[in-house]
Amino acid sequence: MSEATGNTQQTPNTAIIKGNGREINMSEFAENAHEYGRKIVDAASRAGDYVSEKVNVVGDKIKGLQGKDFNEIAGEAKDYARENPGQAILISAVAGVVLGFLLRGGRR
């Protein structure tokens, strides 16, 4: 039912994809797609492991803070700021930017 275009008809396995000045056949395209899929799965797995590790670290820190009094935590923060003033300023700036983005998010 399809009309011939003057060229011989191609079977589905040898169909050609044209784009960006390059021609590839379907099997090469499928191979490339499969390779990219494997890379994405690998990257997602590594990202999941990283996030899981960091969540465990944060959980441990929170458990360590649960038994402490607020005044004790504030005192430790003041001591840290006295010992490391540059880092304290940097941490404060980052916290301010993050809070700014969180509070501003609904107004866009």
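Mentor: Exposure comes first, as a matter of definition: a residue is called buried under 20% relative accessible area, exposed over 50%, and partly exposed in between, computed with a 1.4 Å probe on protein chains only. This is a predicted model, in which local features need pLDDT of at least 70 and side-chain atom pairs count only at pLDDT 80 or more, while totals for chains, interfaces and linings use all residues. Residues are numbered from 1 along each chain as its sequence is written, and side-chain values use heavy atoms, with hydrogens and water left out.

Side chains of opposite charge can pair when their charged atoms come close.

In helix α1 (residues 26-66), R46 and D42 lie 4 residues apart, about one turn of the helix, where helices are DSSP runs of H or I with at least four residues, numbered from the N terminus. Their side chains meet in a salt bridge at 3.4 Å, N to O; R46 counts as exposed because its relative accessibility is 53%, whereas D42, at 40%, is partly exposed.

Helix α2 (residues 70-83) holds R82 and D79, 3 residues apart and again about one turn of the helix, and these two are joined by a salt bridge of 3.4 Å, N to O. R82 is exposed at 64% relative accessibility, while D79 is partly exposed at 40%.

Finally, E76 forms a salt bridge with K68, with 3.1 Å between the closest N and O atoms; E76 is partly exposed at 37%, and K68 is likewise partly exposed, at 31%.

Key. A salt bridge is a side-chain nitrogen of Lys or Arg within 4 Å of a carboxyl oxygen of Asp or Glu. Helices (H or I, at least four residues) and strands (E, at least two) are DSSP runs, numbered from the N terminus.
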